[in-house]
Amino acid sequence: MLTARGLRRLAAAVCLARRSASAVAALPGAGAARFHDYDAAITECVERRALREGRQVHARMVAAGYRPALYLATRLVIMYARCGALEDARNVLDGMPERNVVSWTAMISGYSQNERPDEAWELFIMMLRAGCEPNEFTLASVLTSCTGSQGIHQVKQVHAFAVKTNFELHMFVGSSLLDMYAKSENIQEARRVFDMLPARDVVSYTAILSGYTQLGLDEEALDLFRQLYNEGMQCNQVTFTALLNALSGLSSMDYGKQVHGLILRRELPFFMALQNSLIDMYSKCGKLLYTRRVFDNMPERSVVSWNAMLMGYGRHGLAHEVVQLFRSMRDEVKPDSVTLLAVLSGYSHGGLVDEGLDMFDHIVKEQSTLLNIEHYGCVIDLLGRSGQLQKALNLIEKMPFQPTRAIWGSLLGACRVHTNVHVGEFVAQKLLDIEPENAGNYVILSNIYAASGMWKDVFRVRKLMLKNTVIKEPGRSWMILDKVIHTFHSSERFHPRKEDINAKIKEIYVAIKAAGFVPDLSCVLHDVDDEQKERMLLGHSEKLAITFGLMSTPSGITIQVMKNLRICVDCHNFAKFVSKVYGREISLRDKNRFHLITEGACTCGDYW
């Protein structure tokens, strides 16, 4: 709505427009009066986004036969574009006998801000052909429309034009360039633009941080934040949200608490997205007590907040907490598709097979419009974890979606756990047809054969990997101590304290064996003798990381370890016995879920 002053201006303009053109022309200074009144009225409409009143002013101008000059016509384009009436804005632009860079840019910006990238790009090309030189605002606006399959090529074209016209280092253009390069996963070029900017603001800082985070380059994002913060970077809620996403990936509790403290000291107003990122960060660091505290203290919660909390419980296998929270949620907000996915995932990780199947049947009957392929994937995962592999296959055949590589991959992993060669071969062939370059599928099939003692088939699969030049992703584990990330690979040879670690792990092995630990030799997938298998098991990256944590942290501190792949049964048992013998709490986060191990027992209930 317009203010009282604005309404008075509009009324004056409307009254003026009602007079005939000849009568107005006869008044002294009437032309100037009309211009200023129309300008004031349109400006008020722009500020208030008052589309209806703006159309009235435009209509009176037309009725009075008043032909707006370039400036007023441009103001009309801006008014319509700001109000989202893009067709009206384009009609005004097309009817202008003369246009300047502001006119073109206003229309391009309107298309960009209203997610009509094709029209923005086409108008930009038309502007260039008309001989109008873009300015920094034009380039920044059109860059945000460089999306889709041709997006990166368009960004490079605009970038080349910006270099040619000396706009590359302008703040608006540079920030837009690095943002679009980052979003298109060209982080090296984004960083080059960032480093070249003569001055940087919070927008450019946040864009490059978000780019690193989106690509999973969490260590690089954290290093960059430390550097920029030491340089006096001013952070806003978007910057902190991007940083928290990086810390979630690293599972860095120490840094996460420091950032949370920094947010509190800045006394930022309540931003729901920022609080949701805190929930996600704490849950991925294995601290559900802090997660729930943030959640409970939120003055307002969206469905995203509830979903983040549900996902947190689900990752830790706390299926009963998922169910309880889901019941509470329905009293406050309406569940969406992600909610149902979180609940089904919670049932799957918690081993509540019958309850999960009942929930799925209820969703099919009552909320089938919310179902997508991921929900079916959760149920197939649930059946696979419980060993019901044939039922999982039957569901794949009946579901109204084409099975994805993720669904087949989940089922193949279940075949590995339950050593089902028949189903495993069938599923593996499906995956090898879909993605012959994925080393994980060959490895899991090889593992299935090895667990069944089918060594000829193991060698056949490995030869096939060599033939197709497929390289297995190496397992690695890492932990953060004193703000340093320590990474371990199997049979670590490069860590500066490798000799101390090897001596300590042998000492641990003797102690936990005396307490009843028995190595699970089935986790060694090579045809070698038992003694050699035990030596190979001791070299697993999780064991090395746990050992280093035991050496390097005082008692009473949780040993936090992350791994890029799924933890094996032997390493899981190793962690449980270390926890029991040495009285230490161990938090293990693998590719799929969390394991919080205390006094020899894991929150997963040995079901993962």
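In this predicted model, valine 561 has leucine 588 of strand β4 as its bridge partner. The strands concerned are β3, which spans residues 559-563, and β4; the two pair in the parallel sense over four bridges. Both belong to an open sheet of six strands with mixed pairing, in the order β2-β1-β3-β4-β5-β6. The edge strands of this sheet are β2 (484-489) and β6 (601-602), each of which pairs on one side only. Strands of a sheet pair through backbone hydrogen bonds, in either a parallel or an antiparallel sense.

Tryptophan 478 stands opposite methionine 562 of β3. Strand β1 comprises residues 476-481, and because five of its six residues are buried, the strand is largely enclosed by the rest of the structure.

β1 also pairs with β2, in the antiparallel sense and over six bridges. Here arginine 476 has histidine 489 of β2 as its bridge partner. The two strands form a hairpin with two residues between them, and aspartate 482 in the turn has a positive phi of about 50°.

β4 and β5 run antiparallel and are joined by four bridges.

β5 in turn pairs with β6 in the antiparallel sense, over two bridges. Threonine 598 stands opposite alanine 601 of β6. This is a hairpin with two residues between the strands, and glutamate 599 in its turn has a positive phi of about 50°.

## Aspartate 590

The loop between β4 (586-589) and β5 (594-598) contains aspartate 590. This residue is buried yet has no salt bridge. The nearest side chain of opposite charge belongs to arginine 566, at 5.5 Å, whereas a salt bridge requires the nitrogen and the carboxyl oxygen to lie within 4 Å.

Which polar groups does the side chain of aspartate 590 meet instead? A polar atom of this side chain lies 2.8 Å from the backbone nitrogen of arginine 593. The side chain of aspartate 590 also makes a polar contact with the side chain of histidine 595, at 3.5 Å.

## Salt bridges

The count of salt bridges in the model comes to 22. Three of them are listed below, among them one that involves glutamate 53 and arginine 52.

| Glutamate 53 | Arginine 52 | 3.4 Å |

In the pair of glutamate 53 and arginine 52, the side chains meet in a salt bridge. Glutamate 53 is buried, with a relative accessible area of 10%, whereas arginine 52 is exposed, with a relative accessible area of 55%.

Glutamate 87 counts as partly exposed at 47% relative accessibility, and arginine 116 counts as partly exposed at 23%.

What separates arginine 292 from aspartate 296 along helix α18? Because they are four residues apart in this helix (residues 288-296), they are separated by about one helical turn. Arginine 292 is partly exposed, with a relative accessible area of 29%, and aspartate 296 counts as partly exposed at 43% relative accessibility. Elsewhere, salt bridges that share partners join Glu87, Arg116 and Glu119 into one network.

## Confidence of the model

The chain has an average pLDDT of 87, and 93% of the residues score at least 70. Over residues 1-30, pLDDT stays under 50. For this segment the model has 38 contacts beyond four places in sequence.

Technical notes:
Residues numbered from 1 in each chain as written. Predicted model: local features only at pLDDT ≥ 70, side-chain atom pairs only at ≥ 80, totals over all residues. Heavy atoms only, no water. pLDDT = per-residue confidence, 0-100. Contact = heavy atoms within 4.5 Å. Buried < 20%, exposed > 50% of the residue type's maximum accessible area, 1.4 Å probe, protein only. Lys, Arg positive; Asp, Glu negative; His and termini not counted. Polar contact = N/O pair within 3.5 Å; in protein donor to acceptor, adjacent residues only side chain to side chain. Pairing = 2+ DSSP bridges.
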